[in-house]
Amino acid sequence: MESAAPKPVQIAELRRMREAGEKIACLTCYDASFALVEDRAGVDVVLIGDSMGMVIHGGNTTTPVSVADIVYHSKCVAPFLKRAFLIADLPFLSYATLERALDASQRAMQEGGAKMVKLEGGREQTSIVEYLAVRGVPVCAHLGLRPQFVHKMGAMKVQGRDEAAAEEMLQDARMLVDAGADMLLLECVPSELGKRITQESRVPVIGIGAGHDVDGQILVLHDILNISPMVTIGRKPRFVKNYMTGGADIEAAIRAYVQEVKSGAYPAPEHCF
Ligand SMILES: Nc1nc(=O)c2c([nH]1)NC[C@@H]1CN(c3ccc(C(=O)N[C@@H](CCC(=O)O)C(=O)O)cc3)CN21
Ligand SMILES: CC(C)C(=O)C(=O)O
Ligand SMILES: [Mg+2]
């Protein structure tokens, strides 16, 4: 017998999972074939990441990714998700002004089919988050290591290491949630800070290299399949885990990732800062 159509994941379900302590398994996706596999494998949240600049387009940064690229890949993915919640990254400078942020979000949601947009930044983005949120655009705020700032930072480094920086990030998180962010994403922060921000937050907190004590994990698809072009990303980040070691089957690898996020087996200490 065919099982009933799965109920699409919504923000309320992600909040329920956070409250119930059920970990949220997230993964990037860029095309229809993987959308079908990820959805079937139980991935809760699918991200159209601007990491496509590296793993799809083969560049060294996310800088050249355009709103049109995000819309194109969202359109490849969205129709094939029966259950997973679709988030689209707003690419570099596409939310530099309120008007641009609204236009990029409109395209991601109306043309691409995204259910939420993600933007990088702290308290300086609160007015943009509020502008979008009050117009019905759900926003995920991405804190910690922000790859769109690579040209200012010079290198991809763990963020929030000292107490002052940690306190600042904690305040950023509060201000963004108060401005209307429905989700937070923390990239490359010490596990202790990931835990603090998660404890203080009212919304789900997804981590990548943010330790174990967050509400969910996200990784880049190509990293878990061990096919990332490391020539583009440089060295392998600490949080990356290869899920292709158990066999040769891609769906089984994605299922193993989902299962390890759910059970808490991923991330292990060696994936954390
Ligand atoms: N394939 C891929 N995987 C990703 O996770 C990813 C992308 N591409 N592209 C966009 C951003 C860039 N990301 C990166 C890139 C490099 C590091 C990195 O080298 N991290 C060091 C930090 C070392 C430290 O400061 O101690 C690490 O060892 O993890 C982290 C995140 C995450 N995103
Ligand atoms: C690594 C995740 C969080 C991301 O922003 C991306 O894939 O672009
Ligand atoms: Mg991104």
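Modeller: Helices here are DSSP runs of H or I with at least four residues, numbered from the N terminus. Please note that the model is predicted.

Biologist: Which helices each supply at least two residues of the shell around ligand 1?

Modeller: The shell around ligand 1 holds 20 residues, with Ser-51, Met-156, Val-220, Pro-237 and Arg-238 the closest. By class, they divide into 10 nonpolar, 6 polar and 4 charged. The helices that each supply at least two residues are helix 3 (52-55) and helix 10 (221-224).

Biologist: How many charged residues does the shell around ligand 2 have?

Modeller: Among the residues around ligand 2 are Asp-50, Asp-89 and Glu-187. The shell also has 5 nonpolar and 3 polar residues. The number of charged residues is 3.

Biologist: What is the largest C-alpha distance among the positions that UniProt gives as "binding site"?

Modeller: The unreviewed UniProt entry places this feature at Asp-50, Asp-89 and Glu-120. These positions spread over 71 residues of sequence, yet they cluster in space, and the largest C-alpha distance is 11.0 Å.

Biologist: Is Asp-50 buried or exposed?

Modeller: Asp-50 is found in the loop between strand 2 (45-48) and helix 3. A residue counts as buried when 20 or more other C-beta atoms lie within 10 Å of its own. Because Asp-50 has 27 C-beta neighbours inside 10 Å, it is buried.

Biologist: With which residues is Glu-120 in contact, leaving aside neighbours within four places in sequence?

Modeller: Glu-120 lies in strand 4 (residues 116-120). Glu-120 is buried, with 23 other C-beta atoms within 10 Å. Its contacts beyond those neighbours are His-142, Arg-146 and Gln-148.

Note on methods
Residues are numbered from 1 along each chain as its sequence is written. Chains are lettered from A and ligands numbered from 1 in the order in which they are written. This is a predicted model: local features need pLDDT of at least 70, side-chain atom pairs count only at pLDDT 80 or more; totals for chains, interfaces and linings use all residues. A residue is near a molecule or strand if its C-beta atom, placed from the backbone, lies within 6 Å of it. Ala, Val, Leu, Ile, Met, Phe, Trp, Tyr, Cys and Pro count as nonpolar, Asp, Glu, Lys and Arg as charged, and the others, Gly among them, as polar. UniProt positions are given in the numbering used here, feature names are shortened, and annotations may be inferred rather than shown by experiment. A residue is buried if 20 or more other C-beta atoms lie within 10 Å of its own, exposed if 12 or fewer, and partly exposed in between; C-beta atoms are placed from the backbone. Two residues are in contact if their C-beta atoms, placed from the backbone, lie within 7 Å.
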